[in-house]
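Reader: I have a model open here and would like to go through its side chains. Can we take it topic by topic?

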Amino acid sequence: MRTTLTYLAFLFIFLQCRQQPSDKGIVIKSYYDNGKLKDSITLNTDSLKNGKCFYFDDEGDLDSTVTFLNGKRNGLKSKFFGEYGVYTYNYINDTLFEERNYDTLNRLIYIAPLDVNNLPKTTYKLLSNSASVDKIKGDTISLITPGLPSFNRGLNIIGATFRNLKEENTYEIRTTKQIDSSKNVFILVKIYDRWIGEDQIPTRIDTLIIPVK
């Protein structure tokens with residue numbers, strides 16, 4: 001009886017965790033109870049994680065990948081969120097030094113830390129090519145800050161309302177009653193080196209003053 005139990009235990013472990021030789025070491029694969037692959041991990045000769053390791057959800061879809069060097073995260077970790085895109089985390093010797101988020105079109109939408117000092121000042125362009133916003137008709141405005149991901153930016157608008165358009169960083173602009181006293185629309189472009197929370201102070205603020213006629 002004991003021999004049978006020992007054999008079954010060994011068989012269970014073998015089925016749950018299978019080893020395959022690799023040029024870079026041993027690849028160990030484990031599986032969920034439903035038979036789907038759970039992870040595929042490469043170990044070096046010291047039995048430490050080494051190289052790119054793969055992790056899956058219980059439906060067999062890729063959840064994340066992590067690059068290791070001698071047991072420590074060293075390189076890129078990628079976390080896949082389906083319709084929300086991909087989040088990446090870059091490590092050196094198990095210490096996180098950069099985070100990036102990409103949307104489903106692989107556009108960079110967030111980076112931390114962001115090198116704010118090397119960003120050019122924000123400029124704008126009106127679709128009408130006018131130097132001012134028409135008080136009655138409004139206009140379409142594009143905000144231009146090369147190298148600034150959208151999730152590192154916040155906006156405050158005085159004297160007008162904004163409506164997001166499909167094109168990135170492009171808005172429909174309409175003046176409000178506040179415009180009567182100033183004759184200008186003020187746009188405060190708040191730039192963050194990283195996003196912490198609603199009450200944080202921007203790293204930099206670019207102020208745009210747009211005349212209204």
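Reader: Is phenylalanine 81 buried, exposed or partly exposed?
Author: Phenylalanine 81 is partly exposed, at a relative accessible area of 34%. Buried means under 20% relative accessible area, exposed over 50%, and partly exposed in between, with a 1.4 Å probe and protein chains only. This is a predicted model, in which local features need pLDDT of at least 70 and side-chain atom pairs count only at pLDDT 80 or more, while totals for chains, interfaces and linings use all residues. Residues are numbered from 1 along each chain as its sequence is written, and side-chain values use heavy atoms, with hydrogens and water left out.

Reader: How many aromatic pairs does the structure hold?
Author: Three. In one of them, phenylalanine 81 and tyrosine 87 are tilted, at 4.7 Å centre to centre and 50° between the planes. Rings of Phe, Tyr and Trp (its six-membered ring) pair if their centres lie within 6.5 Å; planes under 30 degrees apart count as stacked, over 60 as edge-to-face and the rest as tilted.

Reader: Why is the pair of tyrosine 192 and tryptophan 195 edge-to-face?
Author: Because the planes of tyrosine 192 and tryptophan 195 are at 90°, with the ring centres 5.3 Å apart. Tyrosine 192 is buried at 5% relative accessible area, whereas tryptophan 195 is partly exposed at 40%.

Reader: Which ring has the charged end of lysine 77 over it?
Author: That of tyrosine 89, with the charged end 5.7 Å from the ring centre. The cut-offs are NZ of Lys or CZ of Arg within 6 Å of the ring centre and within 35 degrees of the ring normal.

Reader: On to packing. Which residues touch the most other members in the largest nonpolar core?
Author: Leu114, Ile141, Val185, Ile187 and Ile191, in a core of 19 residues. A nonpolar core here is a set of buried Ala, Val, Leu, Ile, Met, Phe, Trp, Tyr and Cys residues joined through side-chain atoms within 4.5 Å.

Reader: Which elements give two or more residues to this core?
Author: Strands S11 (139–144), S14 (170–175), S15 (184–191) and S16 (204–211). S15 has the largest share, four residues. Strands (E, at least two residues) are DSSP runs, numbered from the N terminus.

Reader: What does isoleucine 141 touch?
Author: Leaving out residues up to four places away in sequence, its contacts include Tyr124, Leu126, Phe162, Ile173, Ile187 and Ile210. Contact means heavy atoms within 4.5 Å. There is also a second, separate core of seven residues, with Ile41, Leu43, Tyr55 and Phe68 among them.

Reader: Now the backbone. Where is serine 47?
Author: Serine 47 lies in the loop between strand S3 (37–43) and strand S4 (51–56). Its phi is positive, about 65°, although serine 47 is not a glycine. Serine 47 is exposed, at 54% relative accessible area.

Reader: What about asparagine 169, where does it lie?
Author: In the loop between strand S13 (160–164) and S14. Asparagine 169 also has a positive phi of about 65° without being a glycine, and at 22% relative accessibility it counts as partly exposed.

Reader: Which peptide bond is cis?
Author: The one from alanine 112 to proline 113, with omega near -5°. Proline 113 is in the loop between strand S9 (108–112) and strand S10 (123–126).
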